Amino acid sequence: MHEDAIDLANIAQRYAALEEEAVANLERDGIAASQIRLVREADLRYAGQSMEVRVTAPAGPMDAAFLAGLTGAFHAAHRKTFGYDYAGQQKIELVNLCVSGFGVIDRPQMPKLTVGDGKFAPKSTRPVYFDTGFVDTPLYDRATLPPGAKIAGPAVIEEFGSTTMVFPKQYVEVDPHGILVIRPVSSKEAM
């Protein structure tokens, strides 16, 4: 729709249909109506251009304030994207209307590993080539590493489907969730 021919009732009808579809899809996926959030967007361009800029459309009724907010958002987004705008100089075109629906869910809690006796040991060693040549490097089974385990590199940590290398001048620590965190050894840290 060209700016001079924008039909706010038509826009309201189209957004209502998109919002209804988004809500139906989310409810079909088990999201309660109270947990659904909708965001209106629109693609606009200056008349005659071939490239649109997507902006967030104002919520609420489709009235003069809606249209002013939408065009203002477009001019600002165009200025931010391209470094200039034609506000007050060039008419705009409304190209696409979009609605995104989101289901607000509780963030899952990551389980923490149970703390055992804290003892662990390499299962074996093998020569591994680093910049200085081959180094006898300890091999660890990841499943046996307890939370809080800290290993100075070089080391190899093996598990099904993955191998983690800890290089010289690095160390690895197992966080409470079992995640391996590798960091460089700083001059302050003596492993």
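Guide: A residue is called buried under 20% relative accessible area, exposed over 50% and partly exposed in between, with a 1.4 Å probe and protein chains only. This is a predicted model, in which local features need pLDDT of at least 70 and side-chain atom pairs count only at pLDDT 80 or more, while totals for chains, interfaces and linings use all residues. Residues are numbered from 1 along each chain as its sequence is written, and side-chain values use heavy atoms, with hydrogens and water left out.

Visitor: What makes F167 buried, exposed or partly exposed?

Guide: F167 has 40% relative accessibility. That value falls between under 20% and over 50%, so F167 counts as partly exposed.

Visitor: Why is F130 called buried?

Guide: The relative accessibility of F130 is 7%. Buried means under 20%, so F130 belongs there.

Visitor: How do you know that the rings of F130 and F167 are an edge-to-face pair?

Guide: Rings of Phe, Tyr and Trp (its six-membered ring) pair if their centres lie within 6.5 Å; planes under 30 degrees apart count as stacked, over 60 as edge-to-face and the rest as tilted. The centres of the F130 and F167 rings are 5.9 Å apart and their planes stand at 80°, so the pair is edge-to-face. The pair links distant parts of the chain, with F130 in strand β4 (residues 124-130) and F167 in the loop between β8 and β9, 37 residues apart. Helices (H or I, at least four residues) and strands (E, at least two) are DSSP runs, numbered from the N terminus.

Visitor: How many aromatic pairs does the structure hold?

Guide: The structure holds seven aromatic pairs. One of them joins Y84 and Y86, whose ring centres are 5.4 Å apart with planes at 65°, so this pair is edge-to-face. Y84, Y86, Y46 and F74 form one aromatic cluster.

Visitor: Why are Y84 and Y86 called partly exposed?

Guide: Y84 has a relative accessible area of 36%, and Y86 is at 31%. Both values lie between the two cut-offs, so each residue counts as partly exposed.

Visitor: What makes K150 a charge over the ring of Y171?

Guide: A charge sits over a ring if NZ of Lys or CZ of Arg is within 6 Å of the ring centre and within 35 degrees of the ring normal. K150 lies over the face of Y171, at 4.6 Å from the ring centre. R40 lies over the face of Y15, at 5.3 Å from the ring centre.

Visitor: Why is K169 called exposed?

Guide: K169 has a relative accessible area of 70%, and exposed means over 50%, so the word applies. K169 is found in the loop between β8 (162-166) and β9 (170-174).
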